[in-house]
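Please walk me through this structure, one part at a time.

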Amino acid sequence: MFSRRLIGSVLRPTYAQCRRMATAPVGALSRTGLYDFHIQNGAKMVEFAGYEMPLAYGDIGQVASHHHVRNSAGLFDVGHMVQTNFRGPTATAFLEWLTPSSLSTLGAYSSTLSVLLNETGGIIDDTIITKHSPGAYYVVTNAGRRTEDLAWFNARLTEWNEGPLAKEKGPVEMEILEGWGLVALQGPKAASTLQNLTSFDLRGLKFGRSAYVPLDGGSTLHVARGGYTGEDGFEISIPPQQTEEVATMLAKDPVMLVGLGARDSLRLEAGMCLYGSDLDESISPIEGALAWVIGKDRREKLDFIGGETVGKHLKQGPPRRRVGMIVDGAPARHGAKIFLPGTDELLGEVTSGIPSPTLGKNIAMGYVKNGNHKKGTAVEVEVRDKRRTATLTPMPFVPTNYWRG
Amino acid sequence: MQSMLRRCALARPAASLTRQSAPSLASWRMQAIRTLVTKRYTEDHEFVEFDDETNIGIVGITHYAQNSLGDVVFVELPTQGTEVGAGDQIGAVESVKAASDIFAPVSGTVDQVNEALNDQPGLINKSPDVKGWLCKIKLSDPTEVSGEAADGGRVQGQVRLKREGVHRYWFNTTSTTAFVLLLHTVPEQGIF
């Protein structure tokens, strides 16, 4: 007991860690602006991506929190994520060099999931890019990739600003929103909750769009409709000094505070990736089943970093593909091996897996060799030295519930 | 804890009477401070509640373990009749967030498994040490629990039975009234 295998390679609090955290503050870990708020609300804090983050609150179990978000509304602190503004006359071209997204055709105040690719087409990070204008973008990246992302941004920015286009039309500036708050209000009751706090008609704010929304109390905040649960919801960016006040305002009945535990089970049911578990620098967006983030108008020229590999994988098929599966018997977790049934032929590995609270089935995502990736394919997954049958299943596992107007 | 003592007392009248009739001083001393139920904990937050009458150890996870794990939604139990060695992985207890392997705390044969957990894995949260027990192992070597080696914290396979947190109930069989002494009633912090 308790050689624990936790979901994800990043979220691995151990008993020892939990115990240590219960007694003494952990050195060298960062805190979001909501740290005191979490403690006051009885959070069990754990280390995550270099931050002390709430795993759960009080006596409310992960399953109860999970269902509450699916049925009502939950508030997540995602202030550990890195919020960055890119501004300048050549911002669109710069970000189109760093990502395969069609940003030039993206509308103002629209967001898209994207990926930062390395020279060989591997994913440095996944990110949400929001376009405010051709010269202004708001980018959110993962806390766990902060060091790598910022080093990458800085190096490429220097290179860009010394290049001909920037010299001719103007440079790009990068501003990291240090200390800013970011909260996610998620669930079918998220919209009615937020609507109670603003005169802004949220019905007009559809999934994937964002706006500056004036809230009761006087502040006008950047609100993006979307999230990491598959439910309708909002991600709200808040200046440092107002973060706690806004969180307190939002965390009222029926909204429940939700920690990292339920965040992970919700995102997995929604078929979304956790960087570090499901994506890494060796995986191309085609392998990661993220071909849809590659803009239609960018597939010919492939004029972005890593474009060569992406083009090859698009044309010839990738060596492996991310798939969803439902596993019989025991839940399969990160690292479980996937086999061709009745043989020792290794097809790949599970990268995330849980017993789904919504479905009551064991869901997982992982990578299999190309050609074995079709839905309905029967595979075997090894859990505790025993083969378990599994069936490849399309994702999301739980249908999304976005507001599309 | 009181209920456990009562249960022990009630379960043993026949044994007590039989032993009481043994005459020699040496055996009298053996009976007078005879261990009834020894509950030991492993460093992996499992317990084994050993009954030296039947040689059966009831295996479960501690309250602390269930609390750290959260809502248990799946339990994999060993097969009845399986021979296990101390430290062998015999199953798993899983919440949504984590899977925790169960290691046999003692060597022997799996005598019974708690089938109720298949339908109600949450029993482990509600009642980890009574209704949420995992399996019963008939010990091949009872000294793994009751012997001096166990007291000394001998490493058995991967499992080390802890002296700290051991509940041991001593039963004075020379008296018609059960006389109970509790030793080590203060468990090590972290076990509970």
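For residues 320-398 of chain A, UniProt lists "domain: Aminomethyltransferase C-terminal", from an unreviewed entry. UniProt positions are given in the numbering used here, feature names are shortened, and annotations may be inferred rather than shown by experiment. Over residues 320-398 of chain A, the chain is 0% helix and 54% strand. The end C-alpha atoms of this stretch are 24 Å apart. Helices (H or I, at least four residues) and strands (E, at least two) are DSSP runs, numbered from the N terminus.

This is a predicted model, in which local features need pLDDT of at least 70, side-chain atom pairs count only at pLDDT 80 or more, and totals for chains, interfaces and linings use all residues. Residues are numbered from 1 along each chain as its sequence is written, chains are lettered from A and ligands numbered from 1 in the order in which they are written, and side-chain values use heavy atoms, with hydrogens and water left out.

Next come the charges over rings. The charged end of Arg387(A) sits over the ring of Phe339(A), 3.8 Å from the ring centre. The rule asks for NZ of Lys or CZ of Arg within 6 Å of the ring centre and within 35 degrees of the ring normal. In chain B, the charged end of Lys39(B) sits over the ring of Phe47(B), 4.5 Å from its centre.

Rings also pair with rings. Rings of Phe, Tyr and Trp (its six-membered ring) pair if their centres lie within 6.5 Å; planes under 30 degrees apart count as stacked, over 60 as edge-to-face and the rest as tilted. By this rule there are seven aromatic pairs over all chains. Phe86(A) and Phe94(A) have ring centres 5.9 Å apart and planes at 45 degrees, so this pair is tilted. Both Phe86(A) and Phe94(A) are buried. Buried means under 20% relative accessible area, exposed over 50%, and partly exposed in between (1.4 Å probe, protein chains only). One aromatic cluster is formed by Phe86(A), Phe94(A), Trp97(A), Phe153(A) and Trp160(A).

Now for a sheet in chain A. Six strands form an open sheet in the order S11-S12-S13-S10-S4-S14 (chain A), and the pairing is mixed. Two strands pair if DSSP finds at least two bridges between them. Strand S11 (210-214) and strand S14 (255-257) of chain A are at the edges with a single partner strand each, so one side of each has no neighbour in the sheet. On average, neighbouring strands of this sheet are turned by 30 degrees against each other, direction ignored. Within the sheet, strand S12 (residues 220-225) and strand S13 (residues 233-238) of chain A run antiparallel, joined by four bridges. Here His222(A) has Ser237(A) in S13(A) as its bridge partner. Helix H3 (residues 62-71) of chain A packs on the sheet and touches strand S4 (73-77), strand S10 (181-186) and S14 of chain A. The direction of H3 makes about 150 degrees with that of S14(A). Contact means heavy atoms within 4.5 Å. Axes are lines fitted to C-alpha atoms, for helices over the stretch in contact, and angles run from 0 to 180 degrees between N-to-C directions.

A hairpin comes next. Strand S2 (residues 43-48) and strand S3 (residues 51-57) of chain A pair in the antiparallel sense over six bridges. Val46(A) has Met53(A) in S3(A) as its bridge partner. Two residues lie between the strands of this hairpin, where Ala49(A) takes a positive phi near 50 degrees.

Ile129(A) lies in strand S7 (residues 123-133) of chain A. Ile129(A) is buried, at 1% relative accessibility. Thr112(A) is 17 residues away along the chain, yet the C-alpha atoms of Ile129(A) and Thr112(A) are separated by 5.4 Å.

Turn to chain B. Its secondary structure comes to eight helices and twelve strands. Of its 192 residues, 52% count as buried. The UniProt annotation "domain: Lipoyl-binding" (unreviewed entry) covers residues 56-138 of chain B. This stretch is 18% helix and 43% strand, with end C-alpha atoms 4 Å apart.

Where in chain B does Lys97(B) lie? Lys97(B) is in the loop between strand S6 (89-95) and strand S7 (98-103) of chain B. UniProt annotates Lys97(B) as "modified residue: N6-lipoyllysine" (unreviewed entry). Lys97(B) is buried, with a relative accessible area of 8%.

Strand S8 (residues 108-113) of chain B pairs in the antiparallel sense with strand S5 (residues 83-84) of chain B over two bridges. Five bridges join S8(B) to strand S9 (residues 135-139) of chain B, also antiparallel. Gly108(B) is the bridge partner of Val84(B), and Gly108(B) stands opposite Leu139(B) in S9(B).
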